[in-house]
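Student: I would like to go through the terms used for this model and see what each one rests on.
Tutor: Then let us look at the structure.

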Amino acid sequence: MAAATPDPDAGPSGSALWRPFLARAVIAAVFGLVTIFWREPSTLVMSVAGGLYLLLTGVVYLWLHRVRQWRHRSLLADIGGGLLLGAGIASLVFVDDRSYAIAGAVALAVAGVAELVRGLTLRGHAAARDLLVVGVVGIGTGVILPFVEPLGAHALLGVTGGGALLSAVVLGIAALSYRHDSALSAPDASGAQGESEPVN
C-alpha cells in the first residue's frame, strides 16, 4: 500500500524529528527505570530525580517544538516547555511533595495539551499519532498527580515514572522509525543531487 503524501504545510519530515524524539525517550526511560528500582524514595530523592526529569524534558520539549521546519510556531508549546522548565526548577528548590505535585501537574498537563493540539493539526503527518499519544499521557499524568500527593513521594514518583515509561516507548519507536526512513531516503537524495546535467 502506498504511503500517504504528507501535507507540506503540516510540519517537518520525520528526519528532522528523530533526534529530539530519541532524546526525550532516553530521558523518560532513565527516569522511569529509576522510579521502578528505587524502592523507598525520600522526598529529597523525588524532588531531585523528578526535578531533573522535568527540567531536561522541558529543554528537549522546546527543542522538538522549535524545529525550524515546523510551518507554524506554537505559543502553547512554548508555554508548555517553559512550564516544564519552571516545574523542574521548583522541584529542585522547594523540596516537598506539594510543590512537586502541583508544579508537575500543571506543567505536564499544559505541555500535554500543546502536543495534543499539534497532533490534531498535523493531519496525515507521521508525527501526528505519536504526538497525540504522548499528549494524552502527559495530560493523564498531570491530572492524576494532585490526587496521589497525600500518599507521598513513592506514589508521586510512581505516577510520573509510569507516564514517563509510556512516553519513552512511543517516542523511542517513533525516533527509530524516523531514523530508519531518513537513512533509506538519503541514498536517493544524494543520487539525485549527484546526477550530471545533460550536455546541450
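**Terms and their grounds**

Tutor: This is a predicted model. In it, H4 passes H5 in a left-handed crossing.

Student: What makes H4 roughly antiparallel to H5?

Tutor: The axes of the two helices cross at roughly 155 degrees and come within 7 Å. Angles over 145 degrees count as roughly antiparallel, so H4 is roughly antiparallel to H5.

Student: Which residues of H4 and H5 meet?

Tutor: On the H4 side they include Ala101, Gly104, Ala105 and Leu108, and on the H5 side they include Gly138, Ile139, Gly142 and Leu145.

Student: Why is Asp78 called buried?

Tutor: Its relative accessible area is 14%. Buried means under 20%, so Asp78 is buried. Asp78 lies in helix H3, residues 75-93.

Student: How do you know that the side chain of Asp78 makes a polar contact with the side chain of Arg66?

Tutor: The distance is 3.3 Å, and the cut-off for a pair of N or O atoms is 3.5 Å. Beyond four places in sequence, Asp78 touches Leu62, Arg66 and Arg73.

Student: Which residues touch the most other members of the largest nonpolar core?

Tutor: They are Phe31, Tyr53, Leu54, Leu84, Tyr100 and Leu156, in a core of 28 residues. Helices H1, H2, H3, H4, H5 and H6 each give two or more residues to this core. Neighbours within four places in sequence aside, Tyr53 is in contact with Ile27, Ala28, Phe31, Thr160 and Ala164.

Student: Which residues does the second, separate core include?

Tutor: Among its 17 residues are Ala127, Leu131, Ala174 and Tyr178.

Technical notes
Residues numbered from 1 in each chain as written. Predicted model: local features only at pLDDT ≥ 70, side-chain atom pairs only at ≥ 80, totals over all residues. Heavy atoms only, no water. Helix = DSSP H or I, 4+ residues; strand = E, 2+ residues; numbered from the N terminus. Buried < 20%, exposed > 50% of the residue type's maximum accessible area, 1.4 Å probe, protein only. Polar contact = N/O pair within 3.5 Å; in protein donor to acceptor, adjacent residues only side chain to side chain. Contact = heavy atoms within 4.5 Å. Core = buried A, V, L, I, M, F, W, Y, C linked by side-chain atoms within 4.5 Å. Axes fitted to C-alpha atoms, helices over the stretch in contact; angles between N-to-C directions. Parallel < 35°, antiparallel > 145°, perpendicular 65-115°, else oblique. Left-handed = near helix turned anticlockwise from the far one by under 90°.
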